[in-house]
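Open the model in your viewer and follow the selections below in order.

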Amino acid sequence: MTMHPVQSVRISLAERSYDISIGTDLLSATDQFADLPKASAALIVSNETVAPLYLSRLQATLSLSYRQVHTVVLPDGEAYKHLDTLNTIFDALLAHHCDRKTTLFALGGGVVGDMTGFAAACYMRGVPFVQVPTTLLAQVDSSVGGKTGINHVMGKNMIGAFYQPLKVICDLGTLQTLPVRELSAGLAEVIKYGPIADMEFFVWIEDNLDRLLSRDASALAHAVKRSCEIKAWVVGQDEREAGLRAILNFGHTFGHAIEAGLGYGQWLHGEAVGCGMVMAAELSHRLGGIDADFLARIRTLVARAGLPVTAPILDSTNNVARYMDLMRVDKKAEAGEIKFVVIQKPGVAAVQGAPDALVHAVIQAACA
Ligand SMILES: NC(=O)c1ccc[n+]([C@@H]2O[C@H](COP(=O)([O-])OP(=O)(O)OC[C@H]3O[C@@H](n4cnc5c(N)ncnc54)[C@H](O)[C@@H]3O)[C@@H](O)[C@H]2O)c1
Ligand SMILES: O=C(O)C(=O)C[C@@H](O)[C@H](O)[C@H](O)COP(=O)(O)O
Ligand SMILES: [Zn+2]
């Protein structure tokens, strides 16, 4: 793989500020880990798919800085992003007598990252943690910004905390082993940044999607860096989602309903978000925010990325009601009113409610 100079994006959050490093072979780059606070122990959290690929490399690098490097390997999949799995991280921390300086390292995709971050937020009321994302989705989105948590059968990410990592280390080389379906899932969150914040980036994705799909190293480096810059710009202004940050939820009101409604892991998060963005774009169009041409461009790009654009039936007797019930659990809902991220004009998004009849029509059209 072509070597690129390490690039850096800063998340500015006063005393919780940190850097995202983006480069190749960073799992073995001792200097990337050298600036972390001194501690005697580290705990690497990974899963049964990622561990055989990358755990020994990270372990070797960390053993130069930490006297003890413990590991815990979780079962793989969204279906395991729940309380019992979280508990295995606490079990490992306690079994190894980890103190409050022990640093957790999340080595894996968004599932490992969200659970490790939440475990770090809770263990002894807070220990340091570092994100080492190995999926495209985690490198462009989930490792950044401090949303951590687990799912509940009733809704996605319903239990969690805002808790920032000390650092994010994106080794682009790990993306070469990612299954094609997971690469596509990551592209959903990359595409997301265009309509909500940066139309120049949207056009760049349209022009470079084939390079991204063929894992061209420079294209991936640009996609990760620009995505992180946009997320840094949003999170830097609104860490705990008082307002602006909710634009990062574009496609997620519908998407989370799909994930929970089908059962976690049936559709990947990125697949549900891809389809959810098409539905949210359709809603934006019906509300008068975007024209048919831009709606078609979003739909085409999502489909070209290998993502679904037809929504699943969640209930064969009353599908619309089932979607509505699931969306009422969404964290953006207020006093029972469902809120959507809508595109006001290409590159600008806002959060707002919508008439039920319009939402029903969008669901019916998307499931057709
Ligand atoms: N915290 C946030 O801001 C945020 C943002 C977006 C998504 N998320 C969450 O992230 C999760 C989705 O993350 P994801 O798409 O990374 O899924 P994931 O963590 O399930 O990883 C996807 C799959 O790829 C495998 N894998 C990981 N790295 C690999 C590699 N380099 N080579 C081969 N296989 C590899 C994993 O084992 C898994 O099977 C969801 O739970 C979602 O809710 C959180
Ligand atoms: O960082 C954010 O803010 C996001 O909304 C990013 C999303 O891609 C991500 O899926 C997030 O976990 C969704 O947050 P939630 O608060 O709706 O659970
Ligand atoms: Zn997401």
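Start by colouring the chain by domain: the assignment gives domain 1 (7-177) and domain 2 (180-367), with bounds taken from an automatic or database domain assignment. This is a predicted model, in which local features need pLDDT of at least 70, side-chain atom pairs count only at pLDDT 80 or more, and totals for chains, interfaces and linings use all residues. Residues are numbered from 1 along each chain as its sequence is written, while chains are lettered from A and ligands numbered from 1 in the order in which they are written.

The C-alpha centres of domain 1 and domain 2 are 25 Å apart. Next, select the interface: 31 residues of domain 1 are in contact with 31 residues of domain 2 (C-beta atoms, placed from the backbone, within 7 Å). On the side of domain 1 that touches domain 2, H5 gives the largest share, five residues (helices are DSSP runs of H or I, at least four residues, and strands runs of E, at least two, numbered from the N terminus).

Now select ligand 1. Both domain 1 and domain 2 give residues to the shell around ligand 1, so it lies between them. Of the 30 residues around ligand 1, the nearest are Thr 49, Gly 109, Gly 110, Thr 135 and Ser 142 (a residue counts if its C-beta atom, placed from the backbone, lies within 6 Å). Elements giving two or more residues to this shell include helix H2 (50-62), helix H4 (110-122) and helix H10 (269-286).

Conventions:
Contact = placed C-beta atoms within 7 Å.
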